[in-house]
Amino acid sequence: RAAAAAAADSAHTQTPSDPPALLLYLNSDIILPPDLAHDIAAVVRAAGSAPFLVAGPRTELDQAAQAQYIPQDPLVPLSDEAYQAIRKIPNAGMWNIDFFVFTAHTWPEDIPDFVVGRPIYDNWLLANARGFKVKIQTPVVHLSHTYEHAGFAPNDGVSGKTSPVIFKSNPGRAYNERMAAQQTQSNFWKLGHLNHLCAL
């Protein structure tokens with residue numbers, strides 16, 4: 001609900017003629033790349049006062065790669081050298097969306113009450129965003145993990161291609177499917193993947 005609440009609150013405090021106030025939604029298992037701010041600045045300049053949404057791919061780091069590239073101290077930023085090595089790892093594809101940079105009026109006020117972090121909510125946000133929709137080529141870094149915190153066993157899968165919250169039945173997934181089905185165009189969320197965004 002965080003992205004929906006932030007977008008709705010911002011929509012009530014700004015008018016379309018105001019300078020864009022940037023908002024960022026970010027999953028907690030994501031590390032931002034060193035040059036992301038430069039990409040966002042380029043979109044801000046191009047969009048002017050129009051609403052926009054920025055999203056992008058992620059690169060999965062398994063436990064071995066995390067030990068190799070990620071500092072143990074969470075206050076130490078990812079080095080440019082480590083990030084350039086991580087960029088050589090193929091990204092996770094068009095359906096994995098873990099961050100949104102957006103402005104007021106990017107979405108309608110009637111955003112469904114999705115469970116954030118479960119399937120469909122992120123695809124719905126991409127499909128229904130207004131204004132510029134931009135995919136940056138700079139991948140964020142996703143720290144692969146298991147899902148004991150969500151009630152799954154360690155061997156049920158890890159985030160990414162074997163994620164149990166995507167590929168196994170669970171209440172959050174079922175709830176989001178019901179929310180999407182209540183929309184007039186229930187399958188419209190399927191257009192919400194990164195390949196339907198303009199590339200920067």
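A residue is called buried when its relative accessible area is under 20%, exposed when over 50%, and partly exposed in between (1.4 Å probe, protein chains only). Helices (H or I, at least four residues) and strands (E, at least two) are DSSP runs numbered from the N terminus. By these terms, seven of the eight residues of helix α5 (residues 121-128) are buried, so α5 is largely enclosed by the rest of the structure. This is a predicted model, in which local features need pLDDT of at least 70 and side-chain atom pairs count only at pLDDT 80 or more, while totals for chains, interfaces and linings use all residues. Residues are numbered from 1 along each chain as its sequence is written, and side-chain values use heavy atoms, with hydrogens and water left out.

**Arginine 58 and its salt bridges**

- Arginine 58 belongs to strand β4 (residues 58-61) and is buried, at a relative accessible area of 6%.
- The structure holds three salt bridges, each a side-chain nitrogen of Lys or Arg within 4 Å of a carboxyl oxygen of Asp or Glu.
- Arginine 58 forms a salt bridge with glutamate 60 (2.4 Å, N to O), and another with aspartate 98 (2.7 Å, N to O).
- Aspartate 98 lies in the loop between α4 (80-86) and β5 (99-102), so its pairing with arginine 58 in β4 ties together parts that are 40 residues apart in sequence.

**Helix α7**

- Glutamate 177 and arginine 173 meet in a salt bridge through their side chains (3.1 Å, N to O).
- Both residues lie in helix α7, four residues apart, about one turn of the helix.
- An α-helix has 3.6 residues a turn, so residues three or four places apart point the same way.
- Glutamate 177 is partly exposed at 36% relative accessibility, and arginine 173 is partly exposed at 25%.

**The largest pocket**

- A pocket is an open set of points on a 1 Å grid over the protein atoms alone, where a 1.4 Å probe fits, with protein on both sides within 12 Å along at least five of seven lines; lining residues have an atom within 4 Å of a point.
- The largest pocket holds about 840 Å³ of space.
- Among its 35 lining residues, Arg58, Asn96, Tyr147, Ser163 and Ile166 are the closest to the centre.
- Elements β4, α5, α6 (164-167) and α7 (171-181) each give two or more residues to this lining.

Key: Points joined across faces, edges and corners; volume = space filled by probe spheres on them.
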